[in-house]
Amino acid sequence: MKKLLAALLLTAGLVAPALAQSDEAGKLRLMTFGGEAQLKSTQDAVTRFNQKYPNVEVEIGVDAVGGGWGDFVSRVLQQYNAGEQYDVYHTAVETLQSFAARDLFIPLDDFIASGDFSDFDAKLFDLTKYKGKTYFIPSTWNNIMTNYNRALFAEAGIPAPSKTWTWDEFAAIAEKLTKRDANGNVTQFGYEVPAFFFGLMPWFLSNGTSPVTEDWSASNMKDPKVAETLQFLYDLIHTKKVSPVPGQEGVENQFFAGQIAMISRGHWIVQNAISSKLDMDIATQPGKVSNDTVIGFGAYGISSKAQNVKLAEALVTELLSYETQVAEGDLGGAVPGRKSAAETENFLKFPPSAPLYYETLPTTHAVPSPANFQEVDQIFMRYFNAIMTDEMTIPDAVAKADQELTRSFERIKRVTQ
């Protein structure tokens, strides 16, 4: 009688069918990164994974990446050297060549071909290849946009930026949005010149250049457009005085508090903007020769030392599922790799111009991420900060940076060839 009743309830849709479970047992170690949104969606994905694999224990580690991706690479290398590596890593484009060049991860081309990844933009997969093989699967991404305070724009009588605004138009708006007290001290900055490599890249890309060559194989510091871009940013700080000197603490909090009108960031700040009740929207990168911007993305890779690759693939499949992607987008993390997950009501409701994230994807360029990224990042930022703090002139800093970057690329070629 009980079996008959259960069958009737199941037919009526009142009882969910039992989920097919695997008897396979084991343990997986997963390293991820990000804030609360990322961790929550990851934990929920692991819960769904355990519904299918109840006998598999998943240990989750979280790296705040506080010191940047170069430091993250160093920590992962230390984990491998100590035999303490994880089975699955959620990492970022800045690290991919560094890891793949050292054979730390396995190629995933066959896994990708047999999986359901058609909803991901092909461009994201193109950016994960190394020497013709795909070692990582993109998850979520960020393109740097101009985040601006709509209330401050309205107060100053400034309309929303156009999609093709220029550097000169941007600088004029930043001046209008900068306020000073009777003693000339700034009480509200129009903009914040970013103090990190990823945030700075749109300024170079929108001028048709980059600190490294297009194929990421050599220094490009001697390109006159690099110095031109550095001069523009220097002038925002020291001539027009619309931006604080890079390196100050709590800059994002000043933006959320209405003390800075514009900053260059990705979708990752959305949740903090909502929590701060900030009337924020996004605009394209101001352009010199184009309005192109930079893209960085998270991606999952499976360690070459993973004991059970099939279990690791099953976990990655759940971590990249539609449910996980929707959760990450809705909770204010990065932009979902699955386009369908970026079309939900929750994702599109804030900021008002949220569709612009995907609209600008075709004109994005991956943040330069050669196998020696950690050195490129450190070298460039050291000389950038020296320029912006008036410790070095632009010509001297460019020349010195070029020399150091050239030596770094020569070293990495000897390692990877």
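Predicted model: local features only at pLDDT ≥ 70, side-chain atom pairs only at ≥ 80, totals over all residues.
Helix H2 (36-52), helix H3 (69-81), strand S6 (137-143), helix H9, helix H11 (251-256), helix H12, strand S12 (293-302) and helix H17 (373-388) each contribute at least two residues to the lining of the largest pocket. Among the contributors, H17 gives the most, with 5 residues.

The volume of the largest pocket is about 1,600 Å³. Its lining consists of 49 residues, and those closest to the centre are Ala64, Val65, Phe196, Glu252 and Trp268. Sorted by class, the lining residues comprise 19 nonpolar, 21 polar and 9 charged. Rolling a probe the size of a water molecule over the atoms shows where empty space is left.

The second largest pocket has a volume of about 360 Å³. It is lined by 17 residues, and Leu205, Ser210, Glu214, Trp216 and His365 lie nearest its centre. Here strand S14, residues 364-366, gives the most to the lining, with 3 residues. The classes in this lining are 6 nonpolar, 8 polar and 3 charged residues.

How many aromatic pairs does the structure hold? There are 32 of them. One is formed by phenylalanine 120 and phenylalanine 125, in an edge-to-face arrangement with 6.1 Å from centre to centre and 75 degrees between the planes. Both phenylalanine 120 and phenylalanine 125 are buried.

Another edge-to-face pair joins phenylalanine 196 and tryptophan 268, with 6.5 Å from centre to centre and 65 degrees between the planes. This pair links distant parts of the chain, since its two residues are 72 residues apart. Phenylalanine 196 belongs to the loop between strand S9 (186-188) and helix H9 (197-205), whereas tryptophan 268 belongs to the loop between strand S10 (262-265) and helix H12 (270-275).

Elsewhere, the charged end of lysine 339 sits over the ring of tyrosine 358, at 5.3 Å from its centre.

Key:
Residues numbered from 1 in each chain as written. Heavy atoms only, no water. Phe/Tyr/Trp six-rings, centres within 6.5 Å; stacked < 30°, edge-to-face > 60°. Buried < 20%, exposed > 50% of the residue type's maximum accessible area, 1.4 Å probe, protein only. Helix = DSSP H or I, 4+ residues; strand = E, 2+ residues; numbered from the N terminus. Lys NZ or Arg CZ within 6 Å of the ring centre and 35° of its normal. 1 Å grid on protein atoms, 1.4 Å probe; cavity = no way out; pocket = protein on both sides within 12 Å on 5 of 7 lines; lining within 4 Å. Points joined across faces, edges and corners; volume = space filled by probe spheres on them. Nonpolar A, V, L, I, M, F, W, Y, C, P; charged D, E, K, R; others polar.
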